[in-house]
Amino acid sequence: EAKGVHEAADASTARSVYLPLLRGVTPRALEAFDPVEQTLVTGLRDATTVPGQALFLLNSPLVRREALALAERVVKEHATDAERVAAVYARALGRAPTPAETDRAVAFVAGYAASYTPPAPVAAKPKAAAVAKKPDDPPFDPDQVDQTGEPVAEDVIHAKDATTAGWLAFAQAVVASAEFRYVK
């Protein structure tokens, strides 16, 4: 079923060239990055940079989950804030931060942690009942699935405490930076 393939593609951690693509169904993780039209032969993909791509990196559950993993790792493995900043820069950007970048990052994390308010718990929504297939229904055609109005369930990623939340926000900002997106 197309919906199952689509959900599996959204949950995949493989590189995008290995994701299954169905005509007319673009994985959500690729929507912001101008994917090629799947019904046409395309020899060269347009190279664009638009604000939606940066917003994807700031709001994507995938990016937040990876930034949280990085934040938890640097908090656990490094004792000082300067070491943590250096570890985030080394892992994400492959370089050491300048003294000014370290000072800004430490001030940002401290301010974020000081103003952090844990999110309120969200009640789980009940699942919709499955519709039974009738014997006279035509065979399922994934290319004919209308996904207009389909609800999108996104994971909500939260840190366990204020310190980790500050490092999560910093790690996500580094990953969303232009320096991370472009290879020099």
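**View 1. α4 passes α5 in a right-handed crossing.** Helices here are DSSP runs of H or I, at least four residues long, numbered from the N terminus. This is a predicted model, where local features need pLDDT of at least 70, side-chain atom pairs count only at pLDDT 80 or more, and totals for chains, interfaces and linings use all residues. Residues are numbered from 1 along each chain as its sequence is written, and side-chain values use heavy atoms, with hydrogens and water left out.

The two axes (lines fitted to C-alpha atoms over the stretch in contact, with angles from 0 to 180 degrees between N-to-C directions) come within 9 Å and cross at roughly 140°.

**View 2. W167 and its partners.** Leaving aside residues up to four places away in sequence, W167 touches A71, V75, D81, R84, V85 and V109. Touching, or contact, means heavy atoms within 4.5 Å.

**View 3. The largest nonpolar core has 21 residues.** Such a core is a set of buried Ala, Val, Leu, Ile, Met, Phe, Trp, Tyr and Cys residues joined through side-chain atoms within 4.5 Å, and buried means under 20% relative accessible area with a 1.4 Å probe, protein chains only. V85, V88, W167, L168, F170 and V174 touch the most other members. Two or more residues each come from α4 (61–77), α5 (81–93), α6 (99–115) and α7 (162–175).

**View 4. A second, separate core has six residues.** Among them are A32, F56, L57 and V63.

Notes. Buried means under 20% relative accessible area, exposed over 50%, partly exposed in between (1.4 Å probe, protein chains only). A crossing is left-handed if the near helix is turned anticlockwise from the far one by less than a right angle, and right-handed if clockwise.
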